Amino acid sequence: MNRRIGEQRKTGERKGDRRLDEERRKHQDLKVVAEKGERRTEERRQKKRRVNFVPSYMNSWYQVLWSEELKVGQVKRMFYFGKELVAFRAENGQVSVLDAYCPHLGAHLGHGGFVKGDALVCPFHQWAFNNQGECVDVPYAKNPVSKKAKIHCWPVCEKNGMVFVYHGDGEPKREIPDLPEYHDPMWTKYAKSTYVVRSQTQEMGENIVDRAHFKYVHGTHTVPETSMEITDEGVLHVFQVSQKKALGKIHKAEVEIWCYSPGYSVVRFDFVTDLVLSASTIPIDENFIEQRMSFMASKKVNWLSRTIISKAVIAEINRQFREDLPIWENKIFLPNPVLCDGDGPLIPFRKWYRNFYPSWVLEKGVNTPEEADSKQA
Ligand code: FES
Ligand SMILES: [Fe+2]
């Protein structure tokens, strides 16, 4: 009897289990449908958001690596500007950046390619390419190979412990400046942060002159005082004084920003201690950018105070960056925004930024890749 009841119970439990499984499956199906729906809505949103977008790839130097990420003889795969790229450091220490695909039969040089002397060797049939992307050796060919065996080579500059490539039409407007603090033993080594953001260089750059948001997004005590000038060399120089409440006291923070180009800015903070931020923005593709931040702190205060203060300030800057994320990732670019007298120098900033627009944007007088495409057609 007990056994039967036990058996019935088992059968009942099994039936119950089946029902539960069915319910679970139904919920699972609903979840999948909901996720698919959300994805579709998000795709539509993104498609719509691209209308009125500013150009994704400005003419600029962009930091693609920290020098220490690429040791002698190392090959690194990269994806920027919507392209597969490959960087290598030859045995003479020189860094080169090439398109990733071999012109012979299309192997990806970042998957098994290796450095031999000063050349990068393809893993497939071992054709070798120099730092200009020219084929310098085919180990099994009797005659010299065609000049067409060349890979697009990107202009490279290595400075301040960083590797930059130039993306743009025409020559770079200016070189990456030497960062005196980087060479000075009285400054710490870089403390680094990296972010990937669904935004574009201009949209994020505008943040520095948008003085009002510092109070309403970042919680400064007042709207900061902001002044902006363009130097004779064409560098955008912003000076900002803000007040921040901490530990019941109001502290004055002075920030000086030097924007050399859309991809590279240097920010100097005078807030309790001296701090330098080297800020690099790199387009990954038309919709995403990578932000690389390298902080250095002055060693003029003792080790303990320096460590505590600089850590706190760096954490605060990173916190502010994260506070901006939901705004950047969901806003649209308005070519003709409605501004008020309390807003910062947004229009002069945009005028300066246009110096770095690709020529197809300026010549065709368009703001979006879609408009350019339709005019090109
Ligand atoms: S594909 Fe590169 S050598 Fe053949
Ligand atoms: Fe901000």
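Thr-194 stands opposite Arg-292 of strand E18, in a predicted model in which local features need pLDDT of at least 70, side-chain atom pairs count only at pLDDT 80 or more, and totals for chains, interfaces and linings use all residues. Residues are numbered from 1 along each chain as its sequence is written, while chains are lettered from A and ligands numbered from 1 in the order in which they are written.

Strands E12 (residues 191-197) and E18 run antiparallel and are joined by seven bridges; here strands (E, at least two residues) and helices (H or I, at least four residues) are DSSP runs numbered from the N terminus, and two strands are said to pair if DSSP finds at least two bridges between them. Strand E18 also pairs with strand E17 (residues 273-283), in the antiparallel sense and over nine bridges, and in this pairing Met-296 of E18 is the bridge partner of Val-276. Five residues lie between E17 and E18, which form a hairpin. Of the nine residues of E18 (residues 289-297), seven are buried, and the strand is thus mostly covered; a residue is buried if 20 or more other C-beta atoms lie within 10 Å of its own, exposed if 12 or fewer do, and partly exposed in between, with C-beta atoms placed from the backbone.

An open sheet with antiparallel pairing consists of four strands in the order E2-E3-E4-E9. Because strands E2 (75-80) and E9 (153-154) stand at the edges, each with a single partner strand, one side of each is left without a neighbour in the sheet. Within this sheet, E3 (residues 83-89) and E4 (residues 95-99) pair in the antiparallel sense over five bridges, and Leu-85 stands opposite Asp-99 in E4.
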